[in-house]
Amino acid sequence: MFQGAIALNLDAKGRMAIPARHRDALATEGGRLVLTAHPHRCLLLYPEPAWAPIRDRILAAPSFDPRSAALKRVLVGNARDEQLDGAGRLLIAPELRAHAALEKQIWLVGMGTHFEIWSDAGWQGLPELAAAALADGAPPPGFEGISL
């Protein structure tokens, strides 16, 4: 279970060091990882076994529906098979760094089965977006019965 947010730095080659406490969990099944773009301008990092059923559901969506096709292109079209290097670093391809506007400081955000990777500006702007999305007072779908 991945949770919490941590600020990290990309090195000059576009690599991020995965915190030691998450390396073993990410390295299950031979260390195969999948890194892909998300429409919210962040990246998703999954252990391959957690990504496979999601990918299959995405690919089963109708190809002739323009919304489904667009999401397939973003999520599956940008998916890259990756592995951590010997030092526990993950290389983020330039096109994925550009998609998420990743620069020096980034955020690794645990989301249960996977991580989101955000630019510093993107992550810092999320509280305002969340407040605006909740301004009408109605909880979003799936949150109706949750009490904090």
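Analyst: S7 and strand S8 (residues 115-119) pair in the antiparallel sense over five bridges. Strands (E, at least two residues) and helices (H or I, at least four) are DSSP runs, numbered from the N terminus, and two strands pair if DSSP finds at least two bridges between them. The model is predicted: local features need pLDDT of at least 70 and side-chain atom pairs count only at pLDDT 80 or more, while totals for chains, interfaces and linings use all residues. Residues are numbered from 1 along each chain as its sequence is written, and side-chain values use heavy atoms, with hydrogens and water left out.

S7 covers residues 105-112 and is mostly covered, with six of its eight residues buried. Buried means under 20% relative accessible area, exposed means over 50%, and partly exposed is in between (1.4 Å probe, protein chains only). Two residues sit between S7 and S8, and the two strands form a hairpin. Within this pairing, Ile106 stands opposite Ser119 in S8.

S7 also pairs with strand S1 (residues 2-9), again in the antiparallel sense, over eight bridges. One of the bridges there joins Ala5 to Val109 in S7.

The whole structure holds three aromatic pairs; rings of Phe, Tyr and Trp (its six-membered ring) pair if their centres lie within 6.5 Å, and planes under 30 degrees apart count as stacked, over 60 as edge-to-face and the rest as tilted. One of the pairs is Phe2 with Phe115: the ring centres are 4.4 Å apart and the planes are at 35 degrees, so this pair is tilted. Phe2 belongs to strand S1 and Phe115 to strand S8, so the pair links parts of the chain that are 113 residues apart. Phe2 is buried, because its relative accessible area is 5%. Phe115 is buried too, with a value of 1%.

Ala101 is in the loop between helix H4 (94-99) and S7. The phi of Ala101 is near 55 degrees, a positive value in a residue other than glycine. Ala101 counts as partly exposed because its relative accessibility is 46%.

None of the 14 residues of H5 is buried. The expected span of a helix is 1.5 Å times one less than its number of residues; for H5 this gives 20 Å, and the end C-alpha atoms are 20 Å apart, which agrees. H5 bends by about 35 degrees at Leu126, and Pro127 follows within four residues. The bend at a residue is the angle between axes fitted to the seven residues ending there and the seven starting there.

Glu144 is exposed, because its relative accessible area is 55%.
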